[in-house]
Amino acid sequence: MIRPIYLFGQEVLREISQDVDLGAKEEIAQLVADLKETLVQSEGCGLAAPQIGVPKRVVIVTGEGMEENYPYLAGFKRTLINPVVVEESTSTCTFNEGCLSVPGVYADVTRPSQIKVRYYNEELEEVEEVFDKFACRMVQHELDHLDGTLFVDKVAPIRKKIIAKKLQNIVKGKIRTSYKSK
């Protein structure tokens with residue numbers, strides 16, 4: 001089911017998400033299906049459960065549609081359940097980010113250039129995987145949502161001042177999206 005995406009200012013985006021009960025297979029399958037349908041409809045590259053109002057530790061990322069700019073993302077799709085970053089590089093990279101929950105706002109964010117994550121996949125098998133390049137950025141961005149952090153929290157102070165009015169407009173509902181939002 002396509003769910004509305006919660007926008008900047010909604011409390012659920014600031015909550016610390018809870019681990020998913022791995023025994024609740026039907027609930028997990030439904031949440032993952034809802035995330036996938038909502039992501040396709042919104043034309044994003046990643047979505048975390050809090051963005052659809054569910055404070056659970058589940059994210060999905062996809063490279064679909066980005067292969068022209070990032071050929072290594074061809075076929076890249078991941079569902080990460082109860083993810084934990086177990087290692088991150090000391091080297092960093094900066095990239096301009098945006099977010100479905102913060103429509104119309106883009107800013108440079110510096111993040112580790114490589115991370116190792118332990119998570120459960122859709123089959124509830126434990127996986128440990130290293131992410132780098134743009135896949136690393138997508139995963140980190142979505143994992144931040146699970147801890148109540150948005151990319152705008154990580155931008156330079158001067159940039160925060162520049163985007164403050166746009167953020168207030170989102171809070172006041174003075175924004176239009178091409179996808180269902182709340």
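**Close-up 1. The end of helix 1 and the residue that follows.** Just after helix 1, glutamate 43 adopts a positive phi of about 60°. This is a predicted model, in which local features need pLDDT of at least 70 and side-chain atom pairs count only at pLDDT 80 or more, while totals for chains, interfaces and linings use all residues. Residues are numbered from 1 along each chain as its sequence is written, and side-chain values use heavy atoms, with hydrogens and water left out. Helices (H or I, at least four residues) and strands (E, at least two) are DSSP runs, numbered from the N terminus. Helix 1 covers residues 25-42, and its 18 residues should span 26 Å at 1.5 Å a residue, which agrees with the 26 Å between its end C-alpha atoms; the expected span is 1.5 Å times one less than the number of residues.

Close-up 2. Let's look at the buried side (buried means under 20% relative accessible area, exposed over 50%, partly exposed in between; 1.4 Å probe, protein chains only). Ile28, Leu31, Val32, Asp34, Leu35, Thr38, Leu39 and Ser42 are the buried residues of helix 1. Seen down the helix axis, they fall within an arc of 160°, so they line one face; the arc is that of the directions from the axis to the C-beta atoms. Strand 1 (46-48), strand 2 and strand 3 are among the elements that cover these residues. Lys25, Glu26 and Val40 are exposed on the other side of helix 1.

**Close-up 3. Aromatic pairs.** Four aromatic pairs turn up in a search of the whole structure. Rings of Phe, Tyr and Trp (its six-membered ring) pair if their centres lie within 6.5 Å, and planes under 30 degrees apart count as stacked, over 60 as edge-to-face and the rest as tilted. With ring centres 4.7 Å apart and planes at 10°, tyrosine 70 and phenylalanine 134 are stacked. Tyrosine 70 belongs to the loop between strand 2 (58-62) and strand 3 (77-88), and phenylalanine 134 to helix 2 (residues 133-146), so this pair ties together parts 64 residues apart in sequence. Phenylalanine 134 is buried, at 13% relative accessible area. Phenylalanine 76 and phenylalanine 131 make an edge-to-face pair, 6.2 Å centre to centre with 85° between the planes. That pair joins the loop between strand 2 and strand 3 to strand 7 (residues 126-132), 55 residues apart.

**Close-up 4. A ring cluster and a charge.** Ring pairs link Tyr70, Tyr72, Phe95 and Phe134 into a cluster. Over the ring of tyrosine 72 sits the charged end of lysine 133, 4.6 Å from the ring centre. A charge sits over a ring if NZ of Lys or CZ of Arg is within 6 Å of the ring centre and within 35 degrees of the ring normal.

**Close-up 5. Nonpolar cores.** A nonpolar core is a set of buried Ala, Val, Leu, Ile, Met, Phe, Trp, Tyr and Cys residues joined through side-chain atoms within 4.5 Å. The largest has 19 residues, and Phe76 and Phe131 are among those that touch the most other members. Helix 2 gives the most to this core, with seven residues. A second, separate core of 16 residues includes Leu31, Ala49, Ile60 and Ile81.

**Close-up 6. Arginine 137 in helix 2.** Arginine 137 lies in helix 2 and is buried, with a relative accessible area of 5%. Beyond its neighbours within four places in sequence, arginine 137 is in contact (heavy atoms within 4.5 Å) with Cys93, Thr94, Phe95, Glu97, Val109 and Arg111.
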